[in-house]
Amino acid sequence: MRVNRILLSVPLVVVALVIQVSVFARLHLPGAVPDLLLLTVLGLAMVYGHVGGALIGFGAGLLADLAPPADHAAGRYALVLCVIGYLAGLVKPESGQIKSATGPMVVVVAAAVGSTLLYAGVGALVGDTAARHVGLPGLLFSAALYDLLLAPFVVPGVMFLARRADNDPLAETNSAGKASDLSSGWLSSGTGLRIGGQRGGLKLKAARARTARAGRIKGVKRL
């Protein structure tokens, strides 16, 4: 990942995790907890693509696994967010611009449901059956509802900041674009034509020199 992406992603992930742990987790809402960290990863993934989304998701999930009051095995949420970030990055448009809010909202609902199912599935593999006691259908519904209500206030802002960071003149894509502009400008400036003209002039001078040398040789023979 580029440096400007890391410098933006780390503060966003840390702020989202702090707000989620210190505010949302203490609201004691029925069902699931609004997942601000998930929404942040989704916003970044839909701008940076599947590779960036997977890396950011893994880092954010690992940070959530280690942050108190986490009571599950380390790496569990990192796996979940890594997969979700990768899949969300696959829906990134080639132009980088999302013209309708329908697509991101569908991604949010799918990510909320998918992350809950994946988290419960990984927990079942390691012997954590808490999701069964709470009620998986209620968790799925509340997770999708809370994240969908919170998404309009989080995802567009995160995507806007991510696009602004990608427009950094020191970014790799802009550098590549400048290099291509320079190369095209170099070719369109007629340098090749000038080199061809110089080569033609050198050939003409060489021909004249050979003609003069031949004339001098003939004059010597006549003498």
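Accessible areas here come from the Shrake-Rupley method with a 1.4 Å probe; for residues, only the protein chains shown count as cover.

A word on the source. This is a predicted model, where local features need pLDDT of at least 70, side-chain atom pairs count only at pLDDT 80 or more, and totals for chains, interfaces and linings use all residues. Residues are numbered from 1 along each chain as its sequence is written, and side-chain values use heavy atoms, with hydrogens and water left out.

Now the fold. The protein has eight helices and zero strands. Helices (H or I, at least four residues) and strands (E, at least two) are DSSP runs, numbered from the N terminus.

How much is buried? Of the 223 residues, 35% are buried. Buried means under 20% relative accessible area, exposed over 50%, and partly exposed in between (1.4 Å probe, protein chains only).

Next, the inside. The largest nonpolar core holds 36 residues, and Leu37, Leu39, Leu42 and Tyr48 have the most contacts inside it. Such a core is a set of buried Ala, Val, Leu, Ile, Met, Phe, Trp, Tyr and Cys residues joined through side-chain atoms within 4.5 Å. Helix 1, helix 2 (36-66), helix 3 (76-89), helix 4 (102-125) and helix 6 (136-166) each supply at least two residues of this core. Helix 2 gives the largest share, 14 residues.

Take Leu42. Beyond four places in sequence, Leu42 touches Ile84, Ala88, Val107, Val108 and Ala111. Contact means heavy atoms within 4.5 Å.

On to helix 1. Leu12 sits there. Leu12 and Thr40 are 28 residues apart in sequence, yet 7.2 Å apart in space, C-alpha to C-alpha.

Gln20 also lies in helix 1 (residues 3-22). Is Gln20 buried or exposed? Gln20 is buried, because its relative accessible area is 15%. Its contacts, not counting residues up to four places away, are Ala25, Pro34, Asp35, Leu36 and Leu37.

Leu79, Val83, Tyr86, Leu87, Leu90 and Val91 make a nonpolar patch of about 510 Å². Patches are made of residues with over 30% relative accessible area and no salt bridge; like charges are joined within 9 Å, nonpolar side chains (Val, Leu, Ile, Met, Phe, Trp, Tyr) within 5 Å. A salt bridge is a side-chain nitrogen of Lys or Arg within 4 Å of a carboxyl oxygen of Asp or Glu. Leu79 is in helix 3. Leu79 counts as partly exposed, at 42% relative accessibility.
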